[in-house]
Amino acid sequence: MSERLLIRGGRVLDPLSGTDAERDVLVEDGRIAAAGARLDATGARVIDARGLFVAPGFVDIHAHLRDPGLEYKEDIASGTRAAARGGFTTVCAMPNTEPPCDTRATVEYVLRRAGEAASVRVFPIGAVTRGREGKELAELGDLAEAGCVAFSDDGAPIADAMIMRRALEYASAFGRPIIDHCEDPSLAKDGVMHEGAVATRLGLRGAPAAAEAAMVERDIALAEATGAHVHIAHISTRAGVEAVRAAKRRGLRVTAEVTPHHLTLTADAVAFGCAGGDALVYDANAKVNPPLRERDDVDACVEALADGAIDCVATDHAPHAVIEKLCEFDDAAFGISGLETAFGLCMRLVHEGRVPLARLVEALTLGPVRALALEAHVPGIGTLAPGAPADVVVLDPERAWTVDPSRFASKGTNTPLAGVALRGAVVATIAGGRVVHEEEVAVA
Amino acid sequence: MTTVRMAPETTLTPDSPGESAWSRRHLLDVDDLTADEVELLMTTADAMKEVLAREVPRVPALRGTTIITLFYENSTRTRSSFELAGKVLGADVINVAASGSSVTKGESLVDTVKTLQAVGADVIVMRHGRSGAPYLAARHAACSVVNAGDGMHAHPTQALLDLYTVRARLGDVRGRRVVIVGDVLHSRVARSNLWLLTSLGAEVTVCAPPTLVPRGLGDTHEGLLPPVRVESSLDRAVEGADVVMALRMQLERMHGGFVPGMREYARLYQVNAERLARANPGALVLHPGPMNEGVEISHEVAHGLQSQVEEQVANGVAVRMAVLWLVTRTRAKGVA
Amino acid sequence: MPIAPVMSPDDIRRAVTRIAHEVVEHNRGTRDLVLIGMRTRGVPLAQRIADAIAAFEGETVPVGSLDVALHRDDLTERGAAVKVQPSDLPEVAGKRVVLVDDVLYTGRTVRAALDALIDYGRPERIQLAVLVDRGHRELPIRADFVGKNLPTSRDDDVQVRLYESDGDEYVRVAAPEPLEVQR
């Protein structure tokens with residue numbers, strides 16, 4: 001890639017170096033060539049970033065690309081296009097595909113397909129157990145060698161504590177963490193939303209916060225017992241967050257991620273829709289696992305993101321077909337198509353003064369990189385250091401826009417945010433030195 | 001083509017509020033009915049009751065209207081009650097038994113509703129095993145949707161007929177003490193009754209083992225949940241009660257770990273003569289049916305003087321006639 | 001909107017008295033007579049006729065009320081008629097029923113009343129008494145006893161108020177503004 005690209009005049013936020021200043025960023029041969037004041041770049045294509053922010057490309061360590069096997073919901077091409085629109089230059093693909101990513105062959109398919117059709121970098125996450133059934137370990141060594149950056153049975157918890165223990169021990173040989181979807185199946189059984197007053201109002205079976213807290217505590221205990229690294233997927237409860245914070249204080253190798261929707265939306269969105277009002281709507285687009293919870297849980301997650309108890313934001317992008325959501329609430333699929341709204345939704349926290357923009361950017365870049373130790377796979381990823389891959393985003397934290405799922409690049413239009421006004425948009429995304437997304441520039 | 005002008009006739013009742021009295025196309029729950037709307041339902045049911053008492057209990061009010069009952073769950077009593085209500089009003093009633101509820105089992109709910117509408121349904125009376133299903137139907141229906149019971153969520157016509165029955169005997173429910181005893185967690189009848197009775201100023205106590213009380217009920221969740229007292233002892237709850245409503249206890253609850261078994265449940269929560277004696281004299285006993293005599297209610301009380309069970313069923317037809325009448329008032333048909 | 005007064009309270013009183021006499025004369029007494037007022041204003045009128053008969057004839061005639069809302073054929077076009085109340089009828093089988101209403105216009109309300117009445121039993125005969133006949137019949141229906149014949153145009157609004165139902169007493173016609181006259 002010999003194209004030269006100059007991103008000029010933007011305010012650069014680079015969490016690794018702590019930079020927060022006006023800089024030009026020069027990209028050459030797919031790498032960051034330089035970042036400095038008033039760079040000269042003859043012959044380079046110029047992206048005018050004056051009045052805008054420039055940051056490393058976002059890294060999503062939790063997305064469901066549905067490919068292979070469920071391409072009607074999403075595939076690697078559409079999913080990575082959606083990622084690019086959302087400002088993500090790296091996406092980690094969860095293994096709950098069909099067949100699941102539990103053998104080298106499927107991993108190689110994912111990587112090959114990504115090489116052919118992906119707009120951004122794709123890291124596969126391998127299954128922990130064969131078939132994700134939670135009974136026997138998958139060939140973690142082979143999966144690691146094939147290119148998996150972590151292991152998870154996500155979608156499902158690793159319910160058997162002994163299996164989780166063995167997995168932690170075994171995976172540590174390969175320097176990969178186990179990502180656990182913490183949900184005690186017997187407590188959460190039949191629950192289609194958060195157990196509480198809203199579920200009671202709607203007459204829906206709920207899963208209690210304790211279902212998450214119980215397994216988070218278990219995983220922390222196992223991390224301690226094994227000395228291995230456990231990463232808590234999509235944490236959503238105050239109890240879970242507090243357990244993670246305490247574990248970190250004790251120096252245990254526990255990391256955690258949170259989704260944009262768990263930082264902003266509550267169970268009220270299920271009952272009344274994101275637009276609010278008093279009429280019950282039973283919005284299946286707000287049906288997600290873990291469910292949208294109470295205001296107190298949301299506040300706990302926001303505080304934890306701000307103070308670092310939660311390491312990073314991850315979208316848990318979960319696209320579904322229209323008919324899988326246009327049905328009775330109990331029967332609707334769980335999941336929110338979130339890549340394209342992640343930044344705009346998280347910006348609410350910045351505008352409310354609860355999380356500084358720099359911290360949000362860190363939580364979308366260096367945070368996830370460190371949580372899964374991705375720098376071991378791609379040095380410099382998540383930074384704008386010279387020599388790092390040319391993964392850059394240009395952001396406009398003030399740009400107002402309204403969420404219109406019919407314009408998503410993702411095949412999944414399942415979002416509770418349809419029609420909602422957000423403030424904060426990704427103006428351009430550069431992945432590996434190529435411009436993979438660019439908003440239309442308003443004619444002056 | 002001449003248009004017939006309908007000048008305002010002076011036979012409009014002077015105390016009738018006219019168009020503004022009822023503007024709902026659907027009846028999905030009782031949780032947001034205004035006091036005026038409830039009153040209108042009650043007085044309309046009075047009129048319907050009088051029709052049922054006639055030598056020839058038939059009126060042409062809904063002639064040309066097509067009512068389709070779409071029941072995803074079996075129910076002889078509710079379905080036949082709606083069917084009769086429609087027929088007394090002169091409507092054409094078609095019963096559709098739908099099995100299953102998800103896309104994988106057949107036509108989706110939205111497609112089914114659209115098909116029925118295309119067939120010519122003016123009103124779809126729907127019973128479904130999933131909470132919220134009628135809301136989905138109403139969003140996609142141009143015709144009226146009447147909820148005949150959805151999952152664990154609501155059963156508006158049952159609550160209305162229960163209210164009608166209580167009012168017939170006790171008058172205004174404001175300040176009256178009502179005890180609802182049984183599996184409140186899984187009971188849509190209980191939930192709708194809680195909303196309706198508390199909105200009209202009744203003091204409602206829910207009595208059940210803690211495992212069968214929905215989360216949040218009894219705490220303050222203003223606007224989200226009705227304000228009720230929660231009591232786990234029936235002996236205490238029934239003191240001074242004017243109305244005791246017993247809910248059906250299902251055998252399956254034992255398997256879910258909700259109660260140890262029917263024997264213990266009956267011992268602690270059965271509405272029997274001894275407990276009824278602690279309520280106010282002349283207290284009414286209600287049950288939505290079908291009854292498990294010997295479990296949640298004793299045979300003696302079920303068929304005793306204070307039992308309103310038969311009245312409930314009779315009133316059910318009149319109340320459902322009132323509901324069908326009112327939801328079809330908003331239907332604007334083209335004038336030829 | 002120009003409003004023309006048509007009947008004062010005294011005019012109404014005299015009309016009711018005359019109708020009461022005509023009813024008794026036409027039926028040769030009060031045997032088997034039943035007065036049924038059509039809701040709402042027909043009801044107090046029926047009672048007044050019964051009271052007048054009681055005063056000059058010394059006989060009590062049973063009075064009932066009939067709500068025809070569920071029998072109307074123009075329901076769907078109205079939209080506004082929501083309220084329906086129970087009817088309250090004495091025995092009608094074999095009786096000479098006099099239906100009483102305030103205004104006779106298209107005749108559709110009376111047709112609905114006839115339908116309703118027949119569902120209660122088989123009267124020997126049915127007669128109709130109205131305070132005001134404003135013309136424009138759409139069905140072959142005529143009143144046997146009329147308080148006042150009032151030619152109107154279709155756009156006119158005939159307003160009847162009675163103390164018992166409205167707290168006031170008069171009959172007026174409100175004509176539309178000249179600009180609004182429709183052809």
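This report describes the chains, their contacts, and selected strands, helices and backbone features of the structure above.

**Model and confidence**

The structure is a predicted model, and the predictor gives the complex an ipTM of 0.89 together with a pTM of 0.89. For chain C the pLDDT averages 90, and 92% of the residues score at least 70. Within that chain, residues 76–80 have a pLDDT below 50, although this stretch has eleven contacts in the model beyond near neighbours in sequence.

**How the chains meet**

Two pairs of chains touch, and the pair with the most contacts is that of chains B and C. Chains A and C do not touch, since the separation of their nearest C-alpha atoms is given as 24 Å. Where chain B meets chain A, 26 residues of chain B are in contact with 22 residues of chain A. On the chain B side, the elements that give two or more residues are helix H3 (109–119), helix H4 (133–139) and helix H6 (188–199), and the largest share, three residues, comes from H4(B).

**Chain A as a whole**

Chain A contains 13 helices and 18 strands. Its radius of gyration is 21 Å, close to the 22 Å that the globule rule gives for 444 residues, so chain A is as compact as a globular protein of that length. Along the principal axes, the C-alpha atoms of chain A fill a box of roughly 65 × 55 × 45 Å. Of the 444 residues, 61% count as buried, and among the contacts in chain A between residues at least 6 apart in sequence, 75% join residues at least 24 apart.

**Strands of chain A**

An open sheet of five strands in chain A has the order S9-S10-S13-S14-S15, with parallel pairing. Strands S9 (151–152) and S15 (312–313) stand at the edges with a single partner strand each, so one side of each is left without a neighbour in the sheet. Inside this arrangement, S10 (residues 178–180) and S13 (residues 230–232) of chain A run parallel and are joined by three bridges, with A:Ile179 standing opposite A:His231 in S13(A).

Another group of strands involves S17(A). Eight of the eleven residues of strand S17 (residues 421–431) are buried, so this strand is largely enclosed by the rest of the structure. S17(A) pairs with strand S16 (residues 392–402) of chain A in the antiparallel sense over eight bridges, and in this pairing A:Leu395 stands opposite A:Val426 in S17(A). S17(A) also runs antiparallel to strand S18 (residues 434–438) of chain A, to which four bridges join it; here A:Ala428 has A:Glu438 in S18(A) as its bridge partner. The hairpin of S17(A) and S18(A) has two residues between the strands, and in it A:Gly432 takes a positive phi near 55 degrees.

**Chain B and its helix H12**

The secondary structure of chain B comes to twelve helices and nine strands. Buried residues make up 49% of its 336 residues, and of the contacts in chain B with a separation of 6 or more, 76% are between residues 24 or more positions apart.

Helix H12 (residues 309–329) of chain B has 21 residues and reaches 30 Å from its first C-alpha to its last, close to the 30 Å expected at 1.5 Å a residue. Because 17 of its 21 residues are buried, H12(B) is largely enclosed by the rest of the structure.

**Backbone features in loops**

| Feature | Residues | Angle |
|---|---|---|
| cis peptide bond | B:Gly289 and B:Pro290 | omega about -10 degrees |
| cis peptide bond | C:Arg39 to C:Thr40 | omega near 5 degrees |
| positive phi | A:Asp29 | phi about 50 degrees |
| positive phi | A:Arg132 | phi near 60 degrees |

B:Pro290 lies in the loop between strand S9 (284–286) and helix H11 (299–302) of chain B, while C:Thr40 is found in the loop between strand S2 (33–38) and helix H2 (42–57) of chain C. In chain A, A:Asp29 is in the loop between strand S2 (19–28) and strand S3 (31–36), and A:Arg132 is in the loop between strand S8 (121–124) and helix H3 (140–146). A:Asp29 is exposed, with 12 other C-beta atoms within 10 Å, whereas A:Arg132 counts as buried, with 22 C-beta neighbours inside 10 Å.

Terms used:
Residues are numbered from 1 along each chain as its sequence is written. Chains are lettered from A and ligands numbered from 1 in the order in which they are written. This is a predicted model: local features need pLDDT of at least 70, side-chain atom pairs count only at pLDDT 80 or more; totals for chains, interfaces and linings use all residues. The expected span of a helix is 1.5 Å times one less than its number of residues. A residue is buried if 20 or more other C-beta atoms lie within 10 Å of its own, exposed if 12 or fewer, and partly exposed in between; C-beta atoms are placed from the backbone. Two strands pair if DSSP finds at least two bridges between them. pLDDT is the predictor's confidence in each residue, from 0 to 100. Two residues are in contact if their C-beta atoms, placed from the backbone, lie within 7 Å. The radius of gyration is taken over C-alpha atoms; the globule rule is 2.2 Å times the number of residues to the power 0.38.
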